Amino acid sequence: MNGVRIHVALNVSRFEESVAFYRSMLGADPVKLKPGYAKFSVPELPLNLTLNYDPEAKGRGALNHLGIEVPTTEQVLRARERVQNSGLAVFDEMGVDCCYALQDKVWVTDPNGYRWEIFTVKVGDTEPEKNVSLEELGARSGPACCGP
């Protein structure tokens with residue numbers, strides 16, 4: 001499946017701010033920029049991200065969060081440095097057990113409230129504690145997929 005890219009289209013009510021945010025977060029300019037439409041196609045990522053102006057777009061709806069998985073912690077740290085140097089606020093989570101995997105990640109939130117994680121999986125398939133009911137585990141550990 002060489003050449004396959006994931007396409008994410010986001011409705012945004014704060015279009016100009018969103019374009020500036022994604023320029024900083026992705027470290028790339030849009031490959032297409034029209035009134036109310038921006039397309040980012042970053043060569044290093046199998047991602048086609050489009051922003052579509054919608055003055056009625058409010059909140060995230062059913063969307064939990066978005067993410068970019070990179071192979072190493074070093075790449076997470078380089079992304080954090082690039083994003084911070086662009087003036088964006090980041091939230092670090094290093095060595096966190098999230099989504100049943102040990103991960104290092106940084107979080108950044110766009111002007112519309114969409115949360116993005118740039119992360120690496122250090123150890124996959126972490127197991128919940130043995131001999132603990134699902135109710136007890138859920139009450140102690142929170143959601144299976146983390147957020148900042």
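Colleague: What counts as a local feature here, and how are the residues numbered?

Modeller: This is a predicted model, where local features need pLDDT of at least 70, side-chain atom pairs count only at pLDDT 80 or more, and totals for chains, interfaces and linings use all residues. Residues are numbered from 1 along each chain as its sequence is written, and side-chain values use heavy atoms, with hydrogens and water left out.

Colleague: How many helices and strands does the chain have?

Modeller: Three helices and eight strands, in the order β-α-β-β-β-β-α-β-β-β-α. They are DSSP runs numbered from the N terminus: H or I of at least four residues for helices, E of at least two for strands.

Colleague: Why is Thr50 called buried?

Modeller: Buried means under 20% relative accessible area, exposed over 50%, partly exposed in between, using a 1.4 Å probe and protein chains only. Thr50 comes in at 3%, so it counts as buried. Thr50 sits in strand β4 (residues 47-53), and its contacts (heavy atoms within 4.5 Å) include His7, Leu10 and Tyr37, leaving aside residues up to four places away in sequence. Over the chain, 36% of the 148 residues are buried.

Colleague: What makes Tyr22 and Phe40 a tilted pair?

Modeller: Rings of Phe, Tyr and Trp (its six-membered ring) pair if their centres lie within 6.5 Å; planes under 30 degrees apart are stacked, over 60 edge-to-face, the rest tilted. Tyr22 and Phe40 have 6.3 Å centre to centre and 50 degrees between the planes, hence tilted. Tyr22 is in helix α1 and Phe40 in strand β3 (residues 37-42), so the pair ties together parts 18 residues apart in sequence.

Colleague: And why is the pair of Tyr22 and Trp116 called edge-to-face?

Modeller: Its planes are 75 degrees apart, with 5.9 Å centre to centre, and over 60 degrees counts as edge-to-face. That pair links helix α1 to strand β8 (residues 115-123), 94 residues apart. Tyr22 has a relative accessible area of 0% and Trp116 has 1%, so Trp116 is buried. Ring pairs join Phe21, Tyr22, Phe40 and Trp116 into a cluster.

Colleague: How many residues in the lining of the largest pocket are nonpolar, polar and charged?

Modeller: Nine nonpolar, two polar and four charged. Ala, Val, Leu, Ile, Met, Phe, Trp, Tyr, Cys and Pro count as nonpolar, Asp, Glu, Lys and Arg as charged, and the others, Gly among them, as polar. Helix α2 (73-85) gives the most to that lining, with four residues.
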